Amino acid sequence: MKASDDEKRIGIEVFYTDIDGIGGKLRSKPEDFRVVEIPKRISADEEGDYIILKVTSKNWETNHLVRELARKLGISRKRISFAGTKDRRALTTQLFSIYYPGKDLPEIKMKDVEIEFVCRSNKRIEIGDLIGNEFQIVIRDVRIGREKAKKSIEEINRELEQIGGFPNFYGFQRFGSLRPVTHLVGKEIVKGNFDKAVDIYLTYTTDKEEETSRLARERFSKERDISKALSYFPKHLNFELALLNELKKGRSGVDALQSLPKNLLMMFLYAYQSYLFNRILSERIRRDLPLGGAIEGDLIVPLTKYGEEDEIIPVTSRNIEKVNRMISVGKAVVTGAIVGYDTKFADGEMGEIERRIVEEESIDVRDFVVPEIPFLSSKGGRRPLVSKYTDFSYTFLDDTSILMKFSLRKGSYATSLLREFMKCKDIRNY
């Protein structure tokens with residue numbers, strides 16, 4: 001079954017299951033998409049320099065939430081950290097750490113944000129410091145009837161269980177749901193085209209983007225007048241306005257980019273790596289190569305309670321039976337390349353897929369060394385092709401609304417699971 005054109009733009013070209021989806025729509029309201037972080041254990045210390053907060057927010061993108069928290073506290077946003085970014089159109093609960101030594105945090109009031117003090121700690125929260133996320137998601141406007149919807153859900157779930165999970169695609173949020181631009185910016189950064197990277201971020205738009213933003217980008221693309229653009233770009237486009245202000249000062253593209261938050265810059269590069277991974281996974285599915293089992297040449301990683309280990313094991317004729325036994329009981333998983341300057345590519349047919357896609361992109365792995373912005377350099381790695389989902393259940397709230405509950409490991413996307421069940425043609429339904 002083929003993906004939509006919107007999905008293909010981010011490298012998701014296929015579905016794994018051929019069973020008709022239930023359709024429907026996510027996020028009719030933010031409360032329909034409930035996400036609760038499953039954190040790693042926090043080391044409490046009454047004398048610690050960091051304050052740990054549990055923050056529940058509705059309709060807030062994580063970077064903007066951090067920016068507003070920093071503004072309210074009158075501190076640099078660099079003093080605030082978190083384990084993982086969350087969807088904007090959602091009700092999310094996650095932990096933040098704030099470097100705030102020696103004094104109590106003042107009361108913070110923000111619209112649609114609840115803040116709860118957890119503890120002080122001597123260690124800040126870093127990206128990735130979580131086990132996973134729990135989801136409660138309502139799918140509305142399911143118009144195929146209860147019995148047909150139930151049959152599709154059961155059959156799709158059964159097929160996914162046979163491979164130990166769902167195709168571990170990077171979801172739309174990685175790229176920008178209505179304006180999938182981050183990977184395009186990342187590609188130009190990797191290729192050293194910093195001026196083009198800035199231009200793409202300012203001007204790239206789609207017909208799904210909100211009208212005032214789309215018109216502003218289209219106008220600037222034609223006029224190229226930075227001073228005028230600063231007057232008509234919508235105020236909520238904070239990062240675009242930051243870039244325009246730097247350009248007005250005569251700064252180069254590479255300097256202008258560095259006015260953006262570090263984690264946003266890193267997201268550009270990660271998004272391009274994610275796009276490449278999505279293409280690799282799509283091609284493996286298209287060739288009907290197994291996801292829930294290994295073939296010779298594959299690279300697998302053992303799994304632990306908290307995720308995959310660093311150890312990478314090549315699959316050979318000598319160990320393939322043992323490897324597939326490990327995979328069948330959930331102790332290992334087949335991986336695909338996260339392309340970087342030190343990526344270890346697979347051998348055999350999987351290795352051919354990985355290398356061919358890199359060649360088609362007209363890049364070299366050495367391009368992932370970015371001397372102009374050193375912290376963006378990425379050595380790459382491997383990512384599981386399949387992500388396990390647990391505690392899965394579904395309930396009909398009424399004839400056209402279904403509540404799905406499940407838990408995912410960190411780094412996996414709920415929308416990548418839900419797309420298998422829904423199979424929508426319009427990306428906006430996710």
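The legends below describe close-up views of a predicted model.

**View A. Packing of helix α5 against helix α6 in the predicted model.** Helix α5, which comprises residues 194-203, packs on helix α6, residues 211-223, at an angle of about 135°, and the two axes lie 8 Å apart. Because angles of 65 to 115 degrees count as roughly perpendicular and those over 145 as roughly antiparallel, α5 and α6 are described as oblique to each other. On the α5 side the contact involves Tyr-201, Leu-202 and Thr-203, which meet Arg-217, Phe-220 and Ser-221 of α6. Sorted by class, the residues of this contact are 3 nonpolar, 2 polar and 1 charged.

**View B. The buried side of helix α6 and the residue that follows the helix.** With 13 residues at 1.5 Å a residue, α6 should span 18 Å, and this agrees with its end C-alpha atoms, which are 18 Å apart. Ser-213, Ala-216, Arg-217 and Phe-220 are buried in α6, and because they cover an arc of only 95° around the axis, they fall on the same side of the helix. An α-helix has 3.6 residues a turn, so residues three or four places apart point the same way. The partners against which the buried residues of α6 pack are α5, α7 (226-232) and α8 (238-248). Arg-224, which comes after α6, has a positive phi, near 60°.

**View C. Crossing of helix α4 and helix α10.** The axes of α4 (residues 182-190) and α10 (residues 262-286) cross at roughly 100° and come within 7 Å of each other; since angles of 65 to 115 degrees count as roughly perpendicular, α4 and α10 are assigned to that class. From α4, the contact draws on Thr-182, His-183, Val-185, Gly-186, Lys-187, Ile-189 and Val-190, while α10 contributes Phe-268, Leu-269, Ala-271, Tyr-272 and Tyr-275. The contact of α4 with α10 comprises 8 nonpolar, 3 polar and 1 charged residues.

Definitions and conventions:
Residues numbered from 1 in each chain as written. Predicted model: local features only at pLDDT ≥ 70, side-chain atom pairs only at ≥ 80, totals over all residues. Heavy atoms only, no water. Axes fitted to C-alpha atoms, helices over the stretch in contact; angles between N-to-C directions. Helix = DSSP H or I, 4+ residues; strand = E, 2+ residues; numbered from the N terminus. Parallel < 35°, antiparallel > 145°, perpendicular 65-115°, else oblique. Contact = heavy atoms within 4.5 Å. Nonpolar A, V, L, I, M, F, W, Y, C, P; charged D, E, K, R; others polar. Expected span 1.5 Å × (residues − 1). Buried < 20%, exposed > 50% of the residue type's maximum accessible area, 1.4 Å probe, protein only. Arc of directions from axis to C-beta.
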